[in-house]
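Biologist: Can we go through this one together? I'd like to pick a few spots and ask about them.

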Amino acid sequence: MTDGPRPVDVLVIGGGQAGLAAGYYLRRAKADFVILDAQDAAGGAWQHAWDSLRLFSPAQYSSLPGRMMPIPPDGGYPSAAEVVTYLTDYERRYDLPVLRPVTVNAVRRGDGRLLVETGHGTWQAKHVISATGTWWRPYVPHYPGLRDFGGEHLHTAGYRGPEPLHGKRVVIVGGGNSAAQLLAEVSTVAEVIWMTQRPPRLLPDDIDGRALFDLATRRHRAAQAGEQAESIADLGDIVAVLPVREARDRGALKAEPMFARFTPYGVAWADGSTLACDVILWCTGFRPALRHLAPLGLRGRDGLVPTRGTQAVGEPRLHLLGYGDWTGPASATLIGAGRTARQVAAEIVAQL
């Protein structure tokens, strides 16, 4: 890549599932585009997930457009490693123009185009699709005394498996799917105390990613029509995948009220009671990785970029893809990203 600006019609930032889905439709439309990915290899954030992570949906409900994800040999839900293999094959099969590792530092307004500054030079694009996801911005809420705690802080993003926690006392924080899944396996090798803001609720055993995606789609359509629809939160918080059901059946899914502050040796509640522990495992989610868009000045008070569909309200040449429901129904999932990418590509190609 040269040091001078390189022109392109469409530039996609991020080579994970959302970026590849956009690439599929742009390739099919014969658009002039490039995908810039900061990772060393294909697979997006899935290549950094913990070893036992599995999808919430079967392969046929977890596929990108044009190519079905292979059904795992055990017939169950695909693992993170199998998703990486699938995304690697997908990128190769459709000969998508992914350049890596290329880190995008900033997106700025230029003379008629958006300027995309990278560690390997600058690009000029008529349209930019930001598809960087959330994995790169793990969120840890602040509690008094957090820095005084002498034990280990570990976030979901840094967790790989339970063995390093063997024999330790671990406080797991968070009431979502990651917390329940990690508790299920960590509790087999360590003493675990689960703490949540409110009592966690498991979804019915027959509810998985298929039903959740359909519900998110219906809710989105209802919102567009000015109507109300059933919320996922009305059903529960946690998908009862097999390891979670097994943990439930052995009585491990018991949550305690959230602590109020840290001590040098652990945590304390408002009533003065304390608990000593070795590790705090934060399963508290992620925030959108949008630092590269800061020069555009688009973020609202909530830290998100206001959008109309996927198009940034304050910069119509910019689309955001795959960050969550605010950028398309279930767009942070494999199947949701694919469906949203089709609309994004169609809108952009119509303007070229």
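**Going through the model**

Modeller: Let me begin with Ser130: the residue is buried, at a relative accessible area of 0%. Buried here means under 20% relative accessible area, exposed is over 50%, and partly exposed is in between, with a 1.4 Å probe and protein chains only. Before you ask, this is a predicted model, so local features need pLDDT of at least 70 and side-chain atom pairs count only at pLDDT 80 or more, while totals for chains, interfaces and linings use all residues. Residues are numbered from 1 along each chain as its sequence is written, and side-chain values use heavy atoms, with hydrogens and water left out.

Biologist: Good. Which strand does Ser130 lie in?

Modeller: Strand β6, which covers residues 121-130. Helices (H or I, at least four residues) and strands (E, at least two) are DSSP runs, numbered from the N terminus.

Biologist: And which side chain does Ser130 join in a polar contact?

Modeller: Tyr323, at 2.7 Å. A polar contact is a pair of N or O atoms within 3.5 Å; within protein, one must be able to donate a hydrogen and the other to accept it, and residues adjacent in sequence count only if both atoms are side-chain atoms. Leaving aside neighbours within four places in sequence, Ser130 is in contact with Ile13, His292, Leu293, Leu318, His319, Leu320, Leu321 and Tyr323. Contact means heavy atoms within 4.5 Å.

Biologist: Zooming out, how many helices and strands does the chain have?

Modeller: 7 helices and 17 strands. The radius of gyration of the chain is 21 Å, close to the 20 Å from the globule rule for 352 residues, so the chain is as compact as a globular protein of that length. That radius is taken over C-alpha atoms, and the globule rule is 2.2 Å times the number of residues to the power 0.38. Buried residues make up 50% of the 352.

Biologist: Now α2. Which residues are buried there?

Modeller: Ala80, Val83, Val84, Tyr86, Leu87, Tyr90 and Glu91. They cover an arc of only 165 degrees around the axis, which puts them on the same side of α2. The arc is that of the directions from the helix axis to the C-beta atoms.

Biologist: What's exposed on the other side of α2?

Modeller: Ala81, Thr85, Arg92 and Arg93.

Biologist: And what do the buried residues of α2 pack against?

Modeller: They pack against α1 (17-28), β3 (98-99) and α7 (334-351). Also, Met69, in the loop between β2 (33-36) and α2, counts as buried at 2% relative accessibility. Among the residues that Met69 contacts beyond four places in sequence are Val83, Tyr86 and Leu334.

Biologist: What about α7, how far apart are its end C-alpha atoms?

Modeller: 26 Å, which agrees with the 26 Å that its 18 residues should span at 1.5 Å a residue. The expected span is 1.5 Å times one less than the number of residues. At the start of α7, a side-chain oxygen of Thr333 reaches to within 3.0 Å of the backbone nitrogen of Gly336.

Biologist: Is Asp95 buried or exposed?

Modeller: Exposed, with a relative accessible area of 56%. Lys30 also counts as exposed, at 75% relative accessibility.

Biologist: Last one: what does the side chain of Asn177 reach?

Modeller: The backbone nitrogen of Val239, at 2.6 Å. Asn177 is in helix α3 (residues 177-186). Beyond four places in sequence, Asn177 is in contact with Phe56, Asp237, Ile238 and Val239. Pro200 touches Asp237 and Ile238 too, among others. Pro200 and Asp237 are 37 residues apart in sequence, yet their C-alpha atoms are 6.6 Å apart.
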